[in-house]
Every structure is written in C-alpha cells, then in structure tokens.
Amino acid sequence: MSAGAIAAVPAGTVSPRRVAITGIVLAVLAWVITLPPALVRTPVPSVILGIAAVAAGGFAVAAGERRPGVGAIALGVVGIAGAILSTRAGVGNLKVVFTWSALVAAALRYATPLLFAALGGIISERSGVINIGLEGMMLMGCFFGIWGADVLGSWVLGLLVAAVAGGLLALVHAVFSIHLRANQVVSGTGINFLALGITGYFFTAHYGPNGTPSKISQVPNVKLPLIQHDGFFGAAIGDANLMTWLGIALVPLLAIFLFRTRWGLRLRAVGEKPRAADTVGLPVLRIRYLAVVVSGMLAALGGAYLSVAFVGSFSQDMTEGRGFIALAAVIFGRWRPLGALVATLVFGFSSALADRLPQFSQTAGTLFQALPYVLTLVAVAGVIGRSRPPAASGIPYVKE
Amino acid sequence: MEPDAPPVLELRGITKKFGSVVANDRVDFDVRSGEVHALLGENGAGKSTLMSVLYGLYKPTEGEIFVDGKPAEIDSPATAIALGIGMVHQHFMLVPVMTVAENIVLGQEPSRGGGLLDLGAARARVRELSDRYGLAVDPDAVIEDVSVGAQQRVEILRALYRGARILVLDEPTAVLTAQEVRELVSVLHRLKEDGTGIVFITHKLAEVLEVADRITVLRRGKRVDTVPRQGASERSLARLVVGRDVVLSLEKTAGRPGEPLLAVEELHVRDDRELEAVAGLSLTVRAGEIVALAGVDGNGQHELVEAITGLRAPESGRISVAGRDIAGRGVRAATDAGVAHIAEDRHRRGLVLPFTLTENLALREYRKPLLSALGWLRLRLMRQRAGRLLREYDVRGGDTDTFASSLSGGNQQKVCVAREIASDPKVLIAHQPTRGLDVGAIEFVHRRLVAERDAGRAILLVSLEYEEVRAVADRILVIYEGKIAGEFPPEATEEELGIAMTGAGKTSMSFLASSPDGELEG
Amino acid sequence: MSPEDEELEVELAGDEHVEAALRSPARLNAYVRGLGGAVVPILTTVIAFVVAGLVVLITGHDPLSTYKAVFNGTGLNWLFPWISGSARTTAALELQQTLIETTALILVGLAVAFAFRAGLFNIGGQGQYTVGAIVAVWIGSSLSGMTPVLHITLAIVAAALAGAAWAGIAGVLKATLGVHEVISTIMLNWIAVWLGVYLFQLGGPLQDPAQSSVPVSKTIAASAKLPVFWGNPNLQGLDIGIFIALALVVVFGVIINRTRLGYEVRAVGFNPDAASYAGMNVGRSYVKVMLFCGAFAGVAAALDILGWKFQLFTNDIQASQIGFLGIAVALLGRNTAIGTVAAALLFGSLLTGTSERNLDPTVFDPNLAQYLTYMIQGLIVLLVSTDLIALRVLRSGRGIAVGLRRRRPDRAEAAASADGASTGGTP
C-alpha cells in the first residue's frame, strides 16, 4: 500500500503523504532501536527520531494530509514513550520479551484463526452481505471441530465437521439477510448469540463439567526441512502449524479468484451493484448465498484452528471476539486478501507481544491482554474513510 | 428498412397488473429489423413497465411475446439476452468501480484455462465493436471516472457484445448534452444499417420526430396509436400523448422586483469527488421575483443549492441573504437568515418517511419558540399548526398523525412546500419542485410559487424542465459547467436557451413540461 | 426507483397494506408501529421458544416439563393466588431474584434502545456496564462513613458518568472518523474486561487486601447498599433499584417523545440526510445518544453492585453477558419504553428460571439451561432482524380468518423470476 502510494508520486515533488509515511517509519524506528538486537540504552536518539516523526506529521497535517499526519504524530509520541520505557527496563527482560523469532512464531499462531475468518469476511462482504456473525461461525468451528476430531478420531474429519457446522450457521445468516432482507448487522448479532448458545449447550451436554478429553487428534505442525532449526527462521517459521501455511496459501488463491477469474468478477459485481449484475443475467441471490456459506466455512476453520490445532481443547466463548478483530482486519486490509494478511499479522503480533510482556510485571501484564483490542480500534479509526467498502454491502437485494 | 419485413420482435396483447393497478392494458407493439420504433408517452404511461416485461424483469399478467415469429417465454434478463434483446437502461446498470471492459463482458467473460479472465481478449472485442459503430470508449477507464455519455456508450456496447439484434433505449437523451445526443443519433443510424431493430423510449416529441421511423403512443397503459413519422407533427403527437390539446399556462402578472435578498458572488464549490462543480458563479435574486436556474442535470446545480442552504461548505466566495453572510455556516445559519429549501428529493432529504405529518411539518422550525421551549417540544402547538397547514395546502390522504410514507407523491410534496413556506423565508430555493408530480400537483406548486413571489419573497427555481422555467420565471439564468452561461427573459426561445445550456449547439428539450405521471393514482 | 414505481407503490399501499409493507422498509416500519406493535414481538418470542424447545427435545428432554420447571423457577407463580404455604415463600424469593435481574436488564436494554433510535447499534452495553461496575464498587467501597443517600447517589452518578465516557469514545469515533460503532464498541467491551481483570486480580491495584487469595474487589460499605423493601436483605431481597430503573424508563420515554433531543435523535435514526437538511448536527447527536446509552448501562451496573452484588469478582467480569442480553431486550421491546420493560421481565425471568439456584435439576440440568437462554436470545435477535417472518405468519393468519386467500401474482412472480435467475446465468 505505502509502496504504491510512494511510487505514484511524480519524481521531484515533495508529497505530504510521503512525508507522513516517512514520519511513521521514523516513529517506529524510534522505538525499535532501543529493542534487541540494537538495544540502544539511551533515549536521546529515539527522542530525536520521535520529534522528527511528529514534525513530519505536523507538516503533513498542514499540507492537508490529515489522517496519515495525525498517525505520524501519535506514533511519534508513542515511539518516544516506548523508547524511554525500554531504555529503563532491564536488558535481560527486553531480551526475553523481544526474542524476535519467538514473537514471529507466536504472531503467526495468533494470526492464523484471524486470517481464515478475515478471508471469509472478504468473500461475504465482496458479495454484498455484511457478516458480523463471523464470531459465531468461528465459535461453531471451534467446538464442532474438536467434537468431530474427538468422535471421528481424526483432525481431518474434525476440520470437515467444523466447516460444515460453520457453513450451516452461515446458511441461516444467508437466509435471513438475503431472502428475508434482515438488517444484516442485527441478524449477524443474533447468529453470534445463537452460536454461543448452541456450542455451550452441546459442549455441556456432551462433555459435562470435565471438558474435552485430553487426547484428541490435532492438526500437526510442519517441520520445514532445509532450514536451520536453531536459527532465526527455524524458530520463527520452522515449526508452524499446517493450518498456518494453509491460511497463507489461501491468500494468493483468493486474490486470484477475486481479481483474475470470471467468478471473482461476478462476485464483486454483485457486491457493488446487484441490479447491474441482475440485468446481465447473473444469479445475484445464489451468488450471495454461496459467498456467505463459504465465508462461514472459512471462519469455522479459523475457529477450529483454535481448538483442534492450537489448544487441543474447547472452552465456552473460546473465540473471545476474534471474529470481530477479523472483521476489523477486513476493513483495515481494504477488502483485499493481501491486506487482510498484513492486518491479521499486525493483530497477531500484538497478541504475541501481549503474551510476553507480563515478563516485566505480572499484574500489569493482564492489562496488555487488551492490546490487540486497542490496536484494532486504533487501526480501524486510522484507516476508515480512506477505504471504501463494496457499495452494496449491507443492502438486501430486492428483485423488481 | 423494408416496410414489409416481418417483425423481429412482437408483443401481443400485453397486460400487466400490479394489484388492482393496470400498468399495461392489452398493448401491441412490434419492431422490425433495421428500424427505429419510438415508444412515446408521458411518465407513468406504462412505457417502462412494457419494456421490463420485454426484458424479463416483470412477468406479464396476460399476453404473448414473439421473437422472429416464434413465441418466447422471457422470464429473466438472461433469457432476454439469449434471445438477442439488449437494454440500455435509463439509470445505467454499470458497476462504478470496474473498468469499461469489465462491465461490458460481465456475465459472458472471455476466459481461458478454467475461468481465468482473459481481459486482453475482452479489450480487443470492445475495441472492435467500438470502432465498428463509432462508439468511442477507453476499455481500461473506470466507469465512475468517465462522462455520462461515455457510460451510455458502454451500455450500448454491452448489449452489442451480447449479440443484441433488438436494442431498447429507455429515455436515452435525458442525461446527454446536445453534442452527445448528436453522436447517439449517428450511432443509431449505423446500427439501423446493420439491421438492428431499435426501440426508442421517450416522452420528448422533438426527439421522436428526429430519429424514429414509426411511433407508438401509450397513454394510461393503453396503446393509443402507431403512426409513421411521415405526416406526424409535434402537435398531432402531443394530442395523442395527452388526449387533448395541452399548453401549460400559468396566469401571472409581471413581477415587481424589490431589493436583492439573495446574493451569490464568485462562488466555488467542490462536489463529493473533490472536483470543482461550481466554478466562480455569481447571481442575485431580488424580493418579489422568481429567478429560474435552467440547465442540463449535473452542471453544478446540486452543489450550488447545497451551498446556499448550508448543506455543503463552499471553497470560496460569498453567499449573503438580506446582507447576512451565510457561506459555510451550516443549515441553521441559513435557516435563521431566512432561507427555505424545497428539496430535490423528498424521500432522501425532504421528509422523514416514518415520521408523522406533524413531525415532518416541524422539521424546519422545530427549534423556534413556536414549537419548542427549553428543549421541550410543544406537541399541542405542533399538531395544531400541522392541522392548519394541511388544510391550507389541501393535503389529502392523511391527517396530522398519518405517517408521511403513506401519502402519495403529490401530497408528500405539498407537505414539503407547506413546511418551507410556513417558515416565512426571505429566500425560497425550489429545487425541481414538481419532479414526479401529476398535472394538478404541478399547477398547485407553480401557483404557490407565484403567490409567494407576490408576497415579496425571493425565489430561486432550479429546474431541468424548459416549459416550467418559461412558465414560472421572471428571469432565466442558464447554468453550464458551474457558471452562469447567460441570462434570458421568459420569452426566450427554446433555441436560445438550448445554446446556452450546452455551451453551444441546440439540445432537444421537453415539449411537454414535466409531464403528468399521476394518472395511476386514479 | 423511478417516480413511476413510487406512485405504484403508493397505490399498492392503499390497496393492500400488508403486501405493500412487505415491499418497502419505510412502510414496513410504519405498519409495524401502527398495527403489529405488540403482536410481532409476542409471535417472535413464541417462535424462539418453540425452536429452543425442539433442541431440548432432540437432546432427549421433555420441553414442556422443562419450560414448566423454568417457569416455576422464575417465581412468577407467586402471582397465582392458589399458591400458598412454603411454595409461596419460595416463589416470593424467586420472584425477588427475577425482579433484581429485570432491573439491570431494563437499563442495559435502554442503553441499546436509545442508540437504535438514533440508528446506532450499541453492542457495547457490556463494556459500559463493566466500567460502571468498576467505578460503582470503587466508590462504594472507598468512601465509608458517608450518609447513605449521598453515598448511593455519588456511586450511581459516578458509574453513570463512567459508562457515558466509555460509550462516548465510540460516539466520538463515529461522529468524527466514521468508525462503525459495532466494531468500536465490541473492542471497548474487551478493553473494559481486561481493565477490570487487571484492577481486581491477585495483586491488582483495587483487589481486596483482606482476601489476598481471591481475585475480587473490596466489599462496598453499608452506607452504599441500596435498601431492600421486599424480602430478606440477607437472602437478596428486592432493593429499591427497580424503582430507579423504572424512573429512568420514564425519563427515556419522555426524552424520546417529548423533547427536542428525542425528536432530533429519531430524525437522525430514520433519515440522517433529512436530519441534516433540517439543520440537525448528525454527528453531535450520535455523541449525545451514546453518552446517554453509556449512562444507562453504568446505572445498571451501579444498581447491581449496590443492590445485591456488593463486590466484583474478576471471573464475573469475564463471564457476564448482561450487555448482550440488553440487545435482545431492546430489539424485542421495539426500542420503546414499555416494550423494554416487558422484554426485560421476560429475560429476567429466563435468567432466574434457568439459574442453578432455582431450576429443579431433576427436570433439567441448570448448566444446560443457561445455554438455552443464550439460544432463545439468539433466536429472538435473529427473528427480530427481519419482520418478514412474523408479518407472513400474521398475514396468513388474517387470510385464514377472512376465509379467503387472495391470489398474489406479484409474490408468486417474484419467486418465479428469482428461480429463473438462479437457474439461468453461469455458462
């Protein structure tokens, strides 16, 4: 995104946008240099960098690029604060928390469920149906995935059961939002409650107070050959879960589908202007049904990752708002698969950080659990207005 | 054209009912290869319904359709397309964020290797078609960035791409400039030569005489007559269309303009896409006069009205009402200075449809002591005042507690007019105040405007209808590309105005003013 | 839509009211407000209970006896004059529980309903409630020795302000940057949860030092406890909170229907374009409304804390779903004052009736019953999201009653062309 924006600027002119982006980079740098491996122990260079970032932001705001400018200013301040904090922290602690390879590995773990759900969200919204129910569909996959893996004895079948369960719940959402012309946000909220009820009910009915058994078939990790397993890459990606790779592989596939195939073109047309799609003979409602169901299946796979691949058990409301973070990733990623991947990695990274920060202080660490949510809020606030959702998303299509 | 060629398309005895309303009543219509057959009628005469039946959007209650002499069951646009019927919709059916080529091929995309789009092939095909018929488009341009005329060309190309032998154009000139109309006519000629049968839907008589080979007139859902162009005149057609001689006339005395109440100076306003829509416009409206702002749609009228009424902040320039500067100060400042605004779109702006009439009638003045005090609504006064206004403006079909949504269009508009005039404004902006109204309601609105002028208000009438402008205004300003392109007396001829409205050249303007469409209300 | 179609629709509205209502949202809305007011929510509830009953049946229980046990657990049988003796005492206890739950539900319902009136979807009642609870328990436990009236008032007002501020963030983000309130309020919910857990966890800044091994706040002072007027204060009798809630219902109704603010809010909710045309500041209305919503949710939390909870556990913060129940309450109550009270009573009853304390475990496992409530909640929200279902049921009912089902060519036709479209297309 930023690279494109920079490339678009004709040579020789100073674009305020470019200045703002430079400011953002400086702000990030201000903090990063105080972390391993650089570990600068005095805040002075960071303060200088931070002030430069703020100045760049100020310039951009003055020149009319308000949003990135404000972003640069805010990040500049955060960068300075972060740098001061980390220069005061013990080197040992910093080294434990900011073990980059471990952070990357954790970020991938946290990003995977978000990625599946976000890709699902993209498909649904591109077809013109808002899917607030992603959370519920994830939760369905989360429970029915582990239930399937337990009962049928194989994680493959577990994932299959999860996808079917998520797809079925999505079908309910589809019927309501497409045929019954429901308010899609309200209907999606109902879907979320319903999923909470259904999963909790069957979980309690089937497993009782003991919870899921401990030995359930789990999605394996992929030991990458040809990689030094004690090096950075080895620790970061040498032992990632199969589903993580599947999710990442889905990104280019979905991008090609959306932007390079006839079906993608049709899907987007239906989401942008259904009446136009209708008049050239496209089955608007059927396309939407398919999109919503597929989105539910993907979200469910994301949920199943949590239980069948990551944790190996299920607990009530296990998704903890991840469906909504995925939704935010859809917006942040501008309804594009690659954008969603970047967004989920950012959110995943913040979760990974939140996991490791308690190193500094056990009590304050709890507070960091809120970091992904804060970041999501800030990200959505920062990006909105510059990204345009599919024009017909949220509007039921009524044939003449 | 061969006069005795068998019709490629024939509609026989088409009847379409909506509940108890008969939109089409046993209509016969046919098109031959290589002719332009105009379907003429007022708004609401049933033209669009008939074409929706033809295109598979509505299923006829009764009647049959024949294509190439064979009976055809057209139950969806897909079937219509397969039968070689192409439609150029009045409101373009294009996806704004996609390219010209993508829009043209959508639904029948050239592809290779399992569904991968072959945009190269699409581009080539688009170029080929556009060269053949003189429909200049850039296949890679994004629809929302190209002109309205170009969008229409894309629609035509899309139909041709699908192999249309019968092309239906629904009110194709409504949004075009004169130059674009001329280009369209020449394209139609080329299509005729190629053997395409063309249905040309319009309510503009002059156009019909220019392009049609045969003319079928619809009135109140029924086919009145089918006549050849030879021998037809505007007057004879007009009689067929309305069933009587109609001249829209309005009795009014000459205005007696007083001091200037609305003064706009060097106004610059940007539109939603940040393009300059109003480009250094100046105008003055005096007390006791009606100034009409005439022009083709999309020449900055919206943005000008929004700027004057406080809905949009201008980039620069001054707007003063009775000497008070209100530019960029918001709607409340404009209202307080004495601006009232009959909105162009009563459903989107003018009314809160789920509100009662009492609540709707209070929208402009709810903050004044008359209707609320210390943050409390004075509900009884609100209702009393609403009752009075409903009687005064003869609003039918509801009382003070009726929801606005359940009134007919004409009565909804009366509510809007009543509310705005009741605020006792110095300046009244009437933006297409008769759009979609029947004759009776149009007359009511026009009379009311003149009466308010005589009461000393300054009235700016923004209209796309030539006849309305001439009938109501004391002075006519023509807006073109965000500037005033000329000032005319009401006696100005259509030619004079047309030249100004298009920068140059003549445009076809409506002969019948905003034609009646209320007949379905019974 | 062309003017031609508009006129047609108007014509249809006069001709066949329900039919037209099915076609246009605006008219639907008017119709529902006009005629279907109470009928649609009741039908919705019945459908939801039937569907949930099916789930009960499928999983091998008897839905009728289950619902009967749930009903008995609500204490609503106290209203039956023939219940006497110890059964009556138990019923009274249970009814007090139900009304305590109802109190908070009314207020979180209002927090959602007010937002809906402005066209906003406040999913953040939970977070606003949490923040309110944190502040209420903090004030309630830290200023002992005050006069009760003052202490209680202070705690409630502070909780209201806290909730308002929390909701206000979402309002400001919506008004200034256009951030969709659904996303912002959901994120704020989770932020509030972790804030609360942080404060009251072991070693947290506000954790009760007297119970160093329990993650809980300090217990509020006696001066901050709401007086109980029905039942035993030691057995969670009914406190005066319910009157505060009912008073706020009146305040809500008056604001919405009688004040300039309410008029503006409703206009903004129905049609923001028309509202700004009338000179209203849409963004500012959003902020104002969210402030009210947050305040309602904050008071709900304060009444819970001061009325019967007295302290705040971290696992309570994490498990609470009350803000979400508020969504169902508001929607089922059609965002009206009276409707909210009725819907709150329904969900309050469900909560108590399915609670471990009140539900007869020999009939149905209370652990399961809790999820039955969520399911019913989900079904109700889902059903309320479209009025088409209930309207169709209504209409067919009417048709049978008249003994004459009109032929509806347009609907049949729409269905036919929809099918046609879905079979054509894709080569």
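## Exercises on a predicted model

Of the 427 residues in chain C, 58% count as buried, where buried stands for 20 or more other C-beta atoms, placed from the backbone, within 10 Å of a residue's own. This is a predicted model, in which local features need pLDDT of at least 70, side-chain atom pairs count only at pLDDT 80 or more, and totals for chains, interfaces and linings use all residues. Residues are numbered from 1 along each chain as its sequence is written, and chains are lettered from A and ligands numbered from 1 in the order in which they are written.

**Exercise 1.** Find where B:Val168 lies in chain B, and decide whether B:Val168 is buried or exposed.

*Solution.* Start with the strand: B:Val168 belongs to E9, residues 166–170 (strands are DSSP runs of E, at least two residues; helices are runs of H or I, at least four; both are numbered from the N terminus). Finally, list contacts (C-beta atoms within 7 Å): leaving out residues up to four places away in sequence, B:Val168 touches B:Met51, B:Leu54, B:Ile85, B:Gly86, B:Met87, B:Val88 and B:Val199.

**Exercise 2.** Describe the side of chain A that touches chain C.

*Solution.* First, the contact takes 47 residues from chain A and 48 residues from chain C. Then look at the helices: H9, H14, H15, H17 and H18 of chain A each supply at least two residues of that side. The largest share, 15 residues, comes from H9(A).

Key: Contact = placed C-beta atoms within 7 Å. Buried ≥ 20, exposed ≤ 12 C-beta atoms within 10 Å, placed from the backbone.
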